[in-house]
Amino acid sequence: MTAFPFDNSYARDLEGLWLKAMPSRVSDPQLIRFNNELAQELGLDLSAYDDPGLAAVLTGNDIPDGAQPLAMAYAGHQFGHFSPQLGDGRAILLGEVIDRQGRRRDIQLKGPGRTPFSRNGDGRAALGPVLREYIVSEFMHAAGIPATRALAAVLTGDEVYRETVKPGGVFTRVAASHIRVGTFQFFAARGDMGAVKRLADFTMARHYPEAANATRPYLALFEAALERQAQLIAKWTAIGFVHGVMNTDNMAVSGETIDFGPCAFIDHYDPDALFSSIDQNGRYAFSNQPLIAQWNLARLAETLVPLIDANQDEAVRLVTEVLETFPERFESRRLAEMRLKFGLSTPREEDAALFKQLLDLMQLEAIDYTVAFRRLASDADEVGQDSDFVNLFADKANVESWLQSWRERLLAEGTKATSAGLTMQVANPAYIPRNHRIEGAIRAAEDDGDLGPFQKLADVLARPYDDQPENAAYQTPPRPEERVTKTFCGT
């Protein structure tokens, strides 16, 4: 059996939409962490490899049989400004495999050296961004949020030069695909509608095959992609995730979360939470994410207009009608996610107001978002001021009044607070990738060569809904002096 049973449809079916790219050799590849569970899911037979051999493959020093290394072309709106050519400047797609569930999955190396799209970059990755992406992408998967996956993190033995000299790494990413809104934009901007059509047909077959049977298949493709984004951003909002750089080249049409650069999770609840050091005007702040998702989808719609109808005005009308459904779809999905967090099973008109009342109280007192919901789940049947949840708040009268309203809402659908609490514990994580913990793991690895904090954090976050009393310290919000308020992209 071939170790990596590649079946490379993007290379085979979309010639002209990518360029060949070969990884550059590194001096001393060393495996940091390998995701054996994911490897089994992908159907990889790696029994012939020891750790050094696997590290050589996962840095690009050795190219496995069947691989067709390539760099994908794409453009993108970056902070609202269009860049007609971006592309994989520090990533190389090794190929695709069909996993054990029959799903096609990309295997890509991030940081393996220069590609034809690198411009003046070195195509390398520093160790810190590699560790960040491993931690966050695997947490997202464990938390039930669609995301690209981490197959491996590897040290290269070489230094990379950023603001300082840092150890180099390579991250192996697994995705449903790496097709982005920006991939469509690249060819549309060049007026190459033949390429856009080929890409749309390929995307439809790979991700949304039901759209092919619609009266207007390309409109159905757009609507299906829009629905996936509404679901995804609703899940981000519910868990308190801030992507940080929602450029159109960072939106995957598959509906997976992709590109974990300056991302973060909110500590205290704040709709305006913003962490990215390069987002000067708050374009990608926490509460802006659904607005930006719709904006990005409008850019996708623009590329598909000529395929939807030969009459441009009619095509614009049709696709605009679908685009304008996004706010309602998102809000419906968001409320569904929030009902899970609050232990509710049936929708009621008053739910939005009930949820907002608690969030307003949390914002007013800067209450930690994750801790509050976990304690609400644990203390669901508690009453009075001895509740751990109530004790989070200085204004106990207001929060107890809210608790009474919430319990009445539970009773209205025949749910006891105790049983609601049990269901809430599988909707509200005890552990998230807190910014100070990630930064601490990165600092230990980059500055001291100590990978222990990274390994421990990754282990804890693999079980985000479990109590893990031995790891309770990882639940604790940062002290004021520990807070990380700025995150950075990995370029």
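The following legends describe close-up views of a predicted model.

Residue numbers start from 1 along each chain as its sequence is written, and side-chain values rest on heavy atoms, with hydrogens and water left out. Local features need pLDDT of at least 70 and side-chain atom pairs count only at pLDDT 80 or more, whereas totals for chains, interfaces and linings use all residues.

View 1. A cavity is a set of points, on a 1 Å grid over the protein atoms alone, where a 1.4 Å probe fits but cannot get out; lining residues have an atom within 4 Å of a point. Grid points are joined across faces, edges and corners, and a volume is the space filled by probe spheres set on the points. By class, the lining of the largest cavity has seven nonpolar, five polar and one charged residue, where Ala, Val, Leu, Ile, Met, Phe, Trp, Tyr, Cys and Pro count as nonpolar, Asp, Glu, Lys and Arg as charged, and the others, Gly among them, as polar.

**View 2. The second largest pocket.** A pocket is an open set of grid points with protein on both sides within 12 Å along at least five of seven lines. The second largest pocket has a volume of about 490 Å³. It is lined by 20 residues, of which Arg103, Arg105, Pro146, Ala176 and Glu256 are closest to its centre. At least two lining residues come from each of β7 (104-110), β10 (165-175), α6 (193-207) and α7, and α7 has the largest share, four residues. Nine charged, six nonpolar and five polar residues make up the lining of this pocket.

**View 3. The largest nonpolar core around Val136.** A nonpolar core is a set of buried Ala, Val, Leu, Ile, Met, Phe, Trp, Tyr and Cys residues joined through side-chain atoms within 4.5 Å, and buried means under 20% relative accessible area (1.4 Å probe, protein chains only). Among the 93 residues of the largest core, Tyr10, Val136, Met140, Phe184, Phe222, Phe241 and Leu300 touch the most other members. Helix α7 supplies the largest share of this core, 13 residues. Beyond neighbours within four places in sequence, Val136 is in contact (heavy atoms within 4.5 Å) with Phe241, Phe260, Cys263, Phe265, Pro433 and Ile438. Another core lies apart from the largest one and has 36 residues, including Leu335, Phe355, Ile367 and Leu376.

**View 4. Helix α5 and its packing.** Seven of the eight residues in helix α5 (residues 181-188) are buried: Val181, Gly182, Thr183, Phe184, Gln185, Phe186 and Phe187. These residues pack against α1 (9-13), β4 (76-78), β5 (81-83), α6 and α8 (289-308).

View 5. Arg334, in helix α10 (residues 326-341), is buried at a relative accessible area of 15%. Not counting residues up to four places away in sequence, Arg334 touches Ala234 and Thr237. Asp259 lies in the loop between β11 (241-242) and β12 (264-265) and has a positive phi near 70° although not glycine; its relative accessibility is 12%. Gln468, in the segment after α16 (452-461), likewise has a positive phi, near 50°, and is buried at 3% relative accessibility.

Terms used: Buried means under 20% relative accessible area, exposed over 50%, partly exposed in between (1.4 Å probe, protein chains only).
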